Amino acid sequence: MNIISVSNLRRAFGAKTAVDDLSFDVPPGAAVGYIGANGAGKSTTIKMLTGILKPTSGTALTCGLEPLRQRRQLARRIGVVFGQRSQLWWDLPLRDSFRALGAIHRLGPDAVRARTSELVDRLDLGDFVDTPVRQLSLGQRIRGEVAAALLHGPELLILDEPTIGLDVLSKERLRVFLTEQRAQHGTSLLLATHDMGDVRRLTERILVVDHGRLAFDGTLTELAGQVGAERIVVLDLTEPAPDLVGVPGTRLVGVEAGGLRQRLSFAPGETTVAAILSVVASRAQVHDLTIEEPDIEAVVRRLYAS
Amino acid sequence: MANPYVVLVRMRMRAQTVYRGSFAVEILASLGATVSGFGELYVIFANVPALGGLDFTAAVLVFAIGHVSFSLADLVVGHLDALPTYLRAGTLDAFLLRPLPVLAQLITADISLRRFGRTVAGTAIAVTALASSDVDWTPAKGALLAVTVCSGAALFAAFFVGAAAVQFWLVEGTEFTASFVYGGNYAAQFPASVFATPVRVLFTFVVPAAFVAYLPVLTLLDLPGGGALGWCSPVAAAAVWIVALLGWRAGLRHYTGAGS
């Protein structure tokens with residue numbers, strides 16, 4: 001049985017159609033990236049999958065349940081995080097939120113204690129688990145939200161823009177944790193985001209939604225093959241060097257400051273940053289480098305152009 | 001295993017009493033309604049000997065019982081008039097993602113301990129009024145008093161729930177709830193007989209505020225018009241609850257249908 005099964009799902013708000021004739025299935029254990037620009041219909045879909053919003057027509061089954069009609073049964077089996085909206089008690093420390101959620105999900109005190117200490121350890125919450133939520137930084141709060149969503153050991157974790165506004169370090173910590181959780185517990189993952197980095201690191205399948213319609217369903221490599229979802233490595237060199245052309249698997253897309261900064265674009269799957277660096281090292285001395293992820297809006301645009 | 005509602009309410013209580021200074025001030029501030037309500041009654045009786053057929057002591061008893069019932073309901077579900085705030089903050093969506101009924105979560109989401117001052121003051125006034133009136137006490141009348149206070153609190157709580165349900169449709173419905181609930185409260189604290197007949201019918205059968213205190217007090221004091229009707233507060237409360245719950249269910253359906 002599929003963990004998510006959506007067929008001909010449609011949702012209109014007045015004259016505006018937010019989700020239009022959407023169909024897809026997600027098998028258990030899968031990790032799916034649900035991407036699209038802001039306002040593409042990602043959150044609306046998630047609300048229909050979790051029992052917050054009623055579809056205008058079509059059906060959505062989550063864990064084989066009807067989200068609205070079997071809302072409470074479903075709530076025991078899924079964990080949901082909305083990056084923009086908190087599900088924690090803002091005036092209380094995380095530890096109290098965990099205790100309350102444990103009681104809400106009717107876990108025994110021992111189970112709550114064990115699970116809390118696991119999550120505190122893995123998500124590195126120890127420094128602030130006793131601080132009221134309203135005093136936490138965004139990165140700390142989101143980690144708390146993810147821990148809260150996973151406390152009852154759901155079989156499906158749904159994340160809506162979890163990394164929006166997070167600094168690089170918090171993003172990275174969250175990604176490492178999610179990968180680990182999936183490996184340990186086999187949790188299925190639906191990740192709505194417009195961050196291509198999240199998708200690359202956490203998911204093996206991508207659904208691209210645009211204007212409420214499914215525009216693409218496949219792997220990242222396939223998407224890159226179709227529209228060239230290329231990444232760019234920006235190399236800052238210690239001194240100006242001749243153009244870095246002919247590095248295997250890359251294309252020189254920009255030279256700035258007389259050769260001091262050069263930009264190479266490459267398709268994921270064809271080469272790696274490490275391979276690029278080893279070739280470049282024989283021709284110039286690299287001082288610093290950054291990697292630019294493809295912009296989701298550009299990917300969607302090209303998806304339509306192709 | 002801990003009951004989830006007990007855990008939730010205990011959490012709210014703790015959060016509230018953390019700031020003891022402001023907590024004490026708010027308890028005192030909540031007494032304002034008691035003082036002004038009682039003052040109003042006092043001014044009326046300084047000018048007339050009887051109000052709606054009740055003497056001062058009986059009228060004070062109606063006021064005090066209504067006041068205690070209302071303050072108990074306000075203590076437990078008073079925050080329901082802030083439903084639009086919960087909607088805007090996304091708290092209701094969070095409730096929908098938890099395996100408990102939404103209304104039960106909303107009710108246990110807050111408890112206004114600071115309003116407890118009013119319950120105490122109302123009780124003190126009621127006790128004084130009872131002591132100075134010549135109630136012909138029987139076990140049945142003791143039971144009537146207990147039933148009346150509980151039913152009255154339940155009735156007001158149902159008003160709060162019903163009025164909150166309406167706010168699913170009205171975006172800025174706090175005013176509506178306030179006028180509805182506080183209007184009902186006002187009506188309940190006066191002898192229903194002072195109102196013109198249409199208003200009296202409204203507050204007896206449509207919004208049965210008269211059952212909160214007026215009718216039971218008539219029965220308690222063996223005054224005409226009371227009798228068996230004074231015992232009907234639980235029925236009135238049950239009826240209002242049924243309407244309120246139906247309204248709540250429809251409101252929540254409207255919310256999940258309309259989206260936020």
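Which residues does V161(B) touch, not counting residues up to four places away in sequence? V161(B) touches V77(B), L80(B), L103(B), A244(B) and W248(B), where contact requires that C-beta atoms, placed from the backbone, lie within 7 Å.

## Basis of the report

This is a predicted model, in which local features need pLDDT of at least 70 and side-chain atom pairs count only at pLDDT 80 or more, while totals for chains, interfaces and linings use all residues. Residues are numbered from 1 along each chain as its sequence is written, and chains are lettered from A and ligands numbered from 1 in the order in which they are written.

## Overall form of chain B

Chain B contains 13 helices and zero strands, and its pattern along the sequence is α-α-α-α-α-α-α-α-α-α-α-α-α. Helices (H or I, at least four residues) and strands (E, at least two) are DSSP runs, numbered from the N terminus.

The C-alpha atoms of chain B occupy a box of roughly 55 × 40 × 40 Å along the principal axes. Of the 260 residues in chain B, 43% are buried. A residue is buried if 20 or more other C-beta atoms lie within 10 Å of its own, exposed if 12 or fewer, and partly exposed in between. Among contacts in chain B between residues at least 6 apart in sequence, 77% join residues at least 24 apart.

## Nonpolar cores

In soluble globular proteins, nonpolar side chains tend to be buried together. The largest nonpolar core here has 144 residues; such a core is a set of buried Ala, Val, Leu, Ile, Met, Phe, Trp, Tyr and Cys residues joined through C-beta atoms within 7 Å. The residues with the most contacts inside this core are L190(A), V62(B), L155(B), A157(B), F160(B) and V161(B). Helix α4 (residues 56-77) of chain B gives the most to the core, with 15 residues. Apart from this core lies another, of nine residues, among them L235(A), L244(A), I276(A) and V280(A).

## Contact between the chains

The contact takes 26 residues from chain A and 18 residues from chain B. On the side of chain A that touches chain B, the elements giving two or more residues are α1 (42-50), α2 (71-77) and α3 (94-104) of chain A. The largest share of that side, five residues, comes from α3(A). The residues of the side of chain A that touches chain B comprise 11 nonpolar, five polar and 10 charged. Here Ala, Val, Leu, Ile, Met, Phe, Trp, Tyr, Cys and Pro count as nonpolar, Asp, Glu, Lys and Arg as charged, and the others, Gly among them, as polar.

Helix α1(A) is mostly covered, with nine of its nine residues buried; among them are K42(A), I46(A) and T50(A). After α1(A) comes G51(A), whose phi is positive, near 90°.

## The four-stranded sheet of chain A

An open sheet of four strands in chain A has the order β11-β12-β10-β13, with antiparallel pairing; two strands pair if DSSP finds at least two bridges between them. Its edge strands are β11 (250-256) and β13 (286-292) of chain A, each pairing on one side only. Neighbouring strands of this sheet are turned by 20° against each other on average, direction ignored. Strands β10 (residues 231-237) and β12 (residues 261-266) of chain A run antiparallel and are joined by six bridges. I232(A) stands opposite S265(A) in β12(A).

Helix α9 (residues 273-281) of chain A lies across β10, β11, β12 and β13 of chain A, at about 150° to β13(A). Axes are lines fitted to C-alpha atoms, for helices over the stretch in contact, and angles run from 0 to 180 degrees between N-to-C directions. The loop between α9 and β13 of chain A holds A284(A), which is partly exposed, with 18 other C-beta atoms within 10 Å. Leaving aside neighbours within four places in sequence, A284(A) is in contact with L237(A), A241(A) and L244(A).

## The three-stranded sheet of chain A

Three strands of chain A form an open sheet in the order β2-β1-β4, with antiparallel pairing. Strands β2 (16-26) and β4 (57-62) of chain A stand at the edges with a single partner strand each, so one side of each is left without a neighbour in the sheet. Strand β1 (residues 4-13) of chain A pairs with β2(A) over seven bridges, and the bridge partner of I4(A) in β2(A) is V26(A).

How values were computed
Contact = placed C-beta atoms within 7 Å.
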